[in-house]
Amino acid sequence: MQDVARRLRAKIVRTVYENKEGHLGAALSVVDCLYALHAWILRPNDLFLLSKGHASIALYTVLDELGKIPEGMLGTYCKADSIIGGHPARNAELGILNTSGSLGHGLAIAAGLALAKPDSNIYVVMGDGECNEGSVWESLLFIAHHKLRNIVPIIDDNKSHTEILNLYPMHYKLWAFNFSCRPIDGHDYDALKQIGPGEFPAAYLMHTVKGKGVSFMEGQEAWHRRIPTQAEYEAAMKELEG
Amino acid sequence: MRRTLAENMLKICETQNAYFLTGDIGSFGLKPFADKHPDKFINCGVAEANMVGVAAGLAMSGAVVYIHSIVPFITMRCYEQLRVDAAMQNLPIKVLSVGACFDYSTMGVTHHGYEDLALMKSFPNFRVSVPSSPVEFKEVMLASASRSCPEYIRLTTANIKGYNGSPILREGTGTVVLSYGALLQDILDVCEQEKLSARVVNMSCLKPLPDLKPLLSGCERVVVAEEHFANGGLGQEVGYQIAKEGYGVDFDALFVKDYVRSYGTYDDMKKAAGLDKATIAQAIRGTQ
């Protein structure tokens with residue numbers, strides 16, 4: 001694992017442990033993608049929407065790592081009067097476009113933005129569990145109908161759906177909705193650097209591991225929204241910081 | 001009012017970046033607008049949740065966005081999208097509904113709309129209006145285009161003549177009747193036919209509610225009649241204001257009490273719901 005991947009994860013685990021809130025499983029599955037988008041992919045006119053808002057701590061951590069939020073703000077996460085918390089709220093100062101936390105909203109908003117801004121690319125990161133929401137499929141119909149190629153939906157397939165309504169075969173479903181489906185390894189930075197719009201409406205099916213980077217959290221549904229004990233925190237930090 | 005949508009949109013687009021999104025109704029009527037601004041008219045299909053999100057995305061880009069469908073589908077089917085995308089994000093999304101109360105009487109109970117005002121009023125930052133005529137509707141719609149808040153405008157078949165900006169449609173003494181939409185015409189007719197001396201007030205702006213004091217002045221009795229359920233309607237709001245401000249007037253309210261599961265004309269529905277002229281007359285006289 002690259003240094004930045006470990007550093008981001010250590011910050012996430014520390015913030016969740018100290019501030020006693022956060023969805024660790026999803027944050028650790030999606031953080032590499034969020035970093036790649038913000039560090040290398042988003043051009044000045046491009047827009048980013050986090051639709052799986054429960055991974056907010058991963059987004060704030062990436063913004064902190066890249067110096068895009070004020071120093072020290074990460075420590076206010078979920079505290080009184082903070083503007084950053086368990087699910088993001090629209091905030092111009094932080095460049096957070098959409099209020100999320102309720103699933104199945106981001107893709108429709110992306111569609112509106114894509115229509116209004118044909119010269120921008122709109123990147124929207126969703127969850128696989130989120131794809132249980134019917135509104136996601138309404139939006140896929142709409143995007144395919146209008147052939148909106150400047151939307152880049154990225155589905156963080158951390159296998160949450162195996163606990164709920166099964167999505168597989170997801171690529172068939174996307175094909176049937178006139179989308180191309182592009183599988184990608186969501187923990188491979190070289191692959192993530194290649195993310196971009198396609199010739200047709202296209203979605204990335206990003207294969208990830210829930211809780212990635214901390215051995216005892218990986219693939220464990222129990223870590224969906226669990227706060228580590230002191231011993232667990234120390235064990236996790238030992239793995240991440242050595 | 002629906003017939004004026006295209007004309008109003010053309011006017012708004014003379015000066016503003018505005019979109020009109022429909023949930024697959026009214027495309028024919030909107031054709032003059034769609035022909036002139038094909039990129040500003042979007043038929044979003046029968047997918048209201050997505051339509052609200054698309055409206056939010058367009059609004060984030062700096063546009064004012066009108067969205068249009070039948071009451072139950074544009075308010076209830078996508079209520080949580082309106083809550084998060086329009087209300088919580090405080091975006092200029094303007095919801096234009098048709099099918100107020102029993103306007104789709106023959107279509108049956110799924111197409112009735114008597115909960116919408118309560119739902120839309122519950123969003124703290126929404127403005128809520130029920131214009132009394134196409135003339136007032138034009139004024140309301142054009143004004144909405146330059147406000148940054150989300151709004152709900154209930155289109156009706158109402159066509160009260162002589163709109164001049166004053167809420168008082170008929171002066172009177174003793175009793176004041178507060179209402180909105182097409183029921184205002186029935187109330188005006190009843191007052192003439194039965195020679196009732198009531199004052200009749202057009203409460204087209206339901207949120208923010210105007211100051212009631214000047215509207216109630218000199219009257220001892222207030223009657224609210226509305227095409228809506230009691231919960232969250234105008235009657236409850238007026239009753240609350242009377243109690244809070246200590247106006248010391250008698251109060252009565254007529255409203256839809258239950259789903260009307262039968263079919264018939266708009267007048268048949270009103271009779272079934274207890275909003276017919278005879279019942280209104282009794283309420284105004286205080287002999288109910």
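Visitor: Is Phe123(B) buried or exposed?

Guide: In this predicted model, Phe123(B) counts as buried because its relative accessible area is 5%, where buried means under 20%, exposed over 50% and partly exposed in between, with a 1.4 Å probe and protein chains only. Phe126(B) is buried too, since its relative accessibility is 2%.

Visitor: Before we go on, how should I read the names and values?

Guide: Local features need pLDDT of at least 70 and side-chain atom pairs count only at pLDDT 80 or more, while totals for chains, interfaces and linings use all residues. Residues are numbered from 1 along each chain as written, chains are lettered from A and ligands numbered from 1 in written order, and side-chain values use heavy atoms, without hydrogens and water.

Visitor: OK, rings next: how many aromatic pairs does the structure hold?

Guide: There are 15 aromatic pairs over all chains, a pair being Phe, Tyr or Trp (six-membered) rings with centres within 6.5 Å, stacked if the planes are under 30 degrees apart, edge-to-face if over 60 and tilted otherwise. Phe20(B) and Phe41(B) form a stacked pair, because their ring centres are 6.2 Å apart and their planes stand at 10°.

Visitor: And where in the chain are Phe20(B) and Phe41(B)?

Guide: Phe20(B) belongs to strand β1 (residues 18-22) of chain B and Phe41(B) to strand β2 of chain B, so that the pair, 21 residues apart, links distant parts of the chain; helices (H or I, at least four residues) and strands (E, at least two) are DSSP runs numbered from the N terminus. Both of these Phe residues are buried.

Visitor: Which residues do ring pairs link into a cluster?

Guide: The cluster is made up of Phe102(B), Tyr114(B), Phe229(B) and Tyr259(B).

Visitor: Changing topic, how many residues does each chain bring to the contact?

Guide: Chain B brings 20 residues and chain A brings 19, contact meaning heavy atoms within 4.5 Å. Together the two chains bury about 1,600 Å², of which 65% is on carbon and sulfur atoms; buried area is the accessible area (1.4 Å probe) lost when two parts are put together, summed over both.

Visitor: Which three residues supply 33% of the area that chain B buries?

Guide: They are Asn50(B), Met60(B) and Gln89(B), which supply more of the area that chain B buries against chain A than any other three residues. The elements giving two or more residues to that side of chain B are α3 (48-60) and α5 (79-88), and α3(B) gives the most, with nine residues.

Visitor: What does Cys44(B) touch?

Guide: Leaving aside residues up to four places away in sequence, Cys44(B) touches Phe142(A) as well as Leu21(B), Thr22(B) and Met51(B). Cys44(B) sits in the loop between β2 (41-43) and α3 of chain B, and it is buried, with a relative accessible area of 7%.

Visitor: Over in chain A, how many residues of helix α3 are buried?

Guide: Nine of the 10 residues in helix α3 (residues 56-65) of chain A are buried, so the helix is mostly covered. The buried ones include Tyr60(A) and Asp64(A), and what covers them includes α1 (3-19), α2 (24-41) and β1 (47-50) of chain A. Just after this helix, Gly67(A) takes a positive phi of about 70°.
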